[in-house]
Amino acid sequence: MKKSRKFITFILIMLISAYVGYAIYLLIMQPVDTYIIKQGTLSEEDEATGYIIRKEEVIKEENYTNGIYAMIAEGEKVAKSDSIFRYYSDNEREISNKITEINHQIQEILKDEKNLTSADIKSIENQIEEQIKNIRALNNSQEIAECKNNIDSLISKKINFIGDIVENEEVKKLIEERKKYEEKIKNGTEYKKAPISGIVSYRVDGFEEQLSVDRLNELTEEYLSELDLKTGQLIATNNDCGKVIDNFKCYIAITMNSEKAMSAEIGDIAKIRTSNREEIKAKIVQINEEDGKRTIIFQTDKIVNELINYRKILLDVIWWSESGLKVPNKALIEEDGLNYVIRTRAGKQTKILVKVKAKTEKFSIITSYTTKELQNIGYNEDDIKNYKGINNYDEIMLNLEE
């Protein structure tokens, strides 16, 4: 009896060992795993450096050396023939300082005034407070100077509103004195007008002609590199001139030699991703060939305002992107030009025909076929009726075999 039990136990151990051995063999010879399908996105991209080209008209007088007074602020829109700035007269600095002193006197007198409740005044005060906060966070002398100029302009604007509602006699006298100084400045000064409609900027760096819309066919890697521009550097504010920029569109020149770039054509649409991660559509309008590379010029009507401050930036060119059911390529089985996946559900495995919409080295975006597409590949009515599509969160098999 004991011998019989030992024999049965021995047989069971041998059977279990054989089963485990066979399972290990299967895993080694044909390793598989499972994957839960989820929504995802695939894309083909190039990291690159882009040069910003704009239609921009510089307004400058060589004989004026005292600087300019901005009537239209940086980044604001202007219509053609509107006055945008004027040149300081010889004694204007001195007169402006007196106006600034009067502004501060008025501010000091009215600091405890409670009845100045105009919505316009409150709005200006909020802007002044915002500029003061900005100054505290800045460490660039140029940007600090710009903020201080903005504050002075806002204070002047505030005092103009105050003059209509204030009852304080001392303040009224100071405002009258201020107006007389302003009249002195206005008399004999030359106002510069916008030659085109667009955005006003005082960031004039001297590259407006080299990076001109009229020279797109000259832009090559050599031409652009000789400009010796620093990537991401802010264009400095110029105190002697200004310009008006076409705010409807701008151009970005990018030199590349990737496979996708070398096969691109004029008229193709891609996306540009800037440092703030925003993606914008851009159209290829010019391709300049050179020594196995291409300088491709993209045109866009987006984020023109945001690019005013720069000439050269880092960016990504997104040639295409596709969203949908994302699966590893190891899940795909190709037979006779068609692709399948093995879905597992409640222990049952089903081979499902899927359409590959996009593919990279490791992943694919797949979807189910439509009835018309199934008809086109030869499915009959019964096949179409029995067709099982693929869905989000389906579990599929992976072939881990290298």
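R203 forms a salt bridge with E74, with 3.8 Å between the closest N and O atoms. A salt bridge here is a side-chain nitrogen of Lys or Arg within 4 Å of a carboxyl oxygen of Asp or Glu. R203 lies in the loop between β8 (198-201) and α6 (221-225), and E74 in the loop between β4 and β5 (77-78), so the pair ties together parts that are 129 residues apart in sequence. Helices (H or I, at least four residues) and strands (E, at least two) are DSSP runs, numbered from the N terminus. R203 counts as buried, at 8% relative accessibility. E74 is partly exposed, with a relative accessible area of 33%. Buried means under 20% relative accessible area, exposed over 50%, and partly exposed in between (1.4 Å probe, protein chains only).

This is a predicted model, in which local features need pLDDT of at least 70 and side-chain atom pairs count only at pLDDT 80 or more, while totals for chains, interfaces and linings use all residues. Residues are numbered from 1 along each chain as its sequence is written, and side-chain values use heavy atoms, with hydrogens and water left out.

Side chains of opposite charge can pair when their charged atoms come close. The structure holds 21 salt bridges. One of them joins K243 and E56, at 3.0 Å from N to O. K243 lies in strand β9 (residues 242-245) and E56 in strand β3 (residues 56-59), so this pair ties together parts 187 residues apart in sequence. Both K243 and E56 are buried. K243 also meets E208 in a salt bridge, at 2.9 Å from N to O. E208 sits in the loop between β8 and α6, 35 residues apart from K243 in strand β9. E208 and K243 are both buried.

Now turn to the largest pocket. About 1,800 Å³ of space lies in it. On a 1 Å grid over the protein atoms alone, a pocket is an open set of points where a 1.4 Å probe fits, with protein on both sides within 12 Å along at least five of seven lines; lining residues have an atom within 4 Å of a point. Grid points are joined across faces, edges and corners, and the volume is the space filled by probe spheres set on the points. Of the 46 lining residues, Y69, A70, Y88, N149 and S153 are the closest to the centre of the pocket. α4 gives the most to the lining, with 13 residues. By class, the lining has 15 nonpolar, 16 polar and 15 charged residues. Ala, Val, Leu, Ile, Met, Phe, Trp, Tyr, Cys and Pro count as nonpolar, Asp, Glu, Lys and Arg as charged, and the others, Gly among them, as polar.

Y69 is found in strand β4. Y69 is partly exposed, with a relative accessible area of 33%.

I303 is not a glycine, yet has a positive phi of about 40 degrees. Its place is in the loop between β13 (293-300) and β14 (312-328). I303 is buried, at 11% relative accessible area. A346, also not a glycine, has a positive phi of about 55 degrees. A346 lies in the loop between β16 (338-345) and β17 (348-359). At 88% relative accessibility, A346 counts as exposed.
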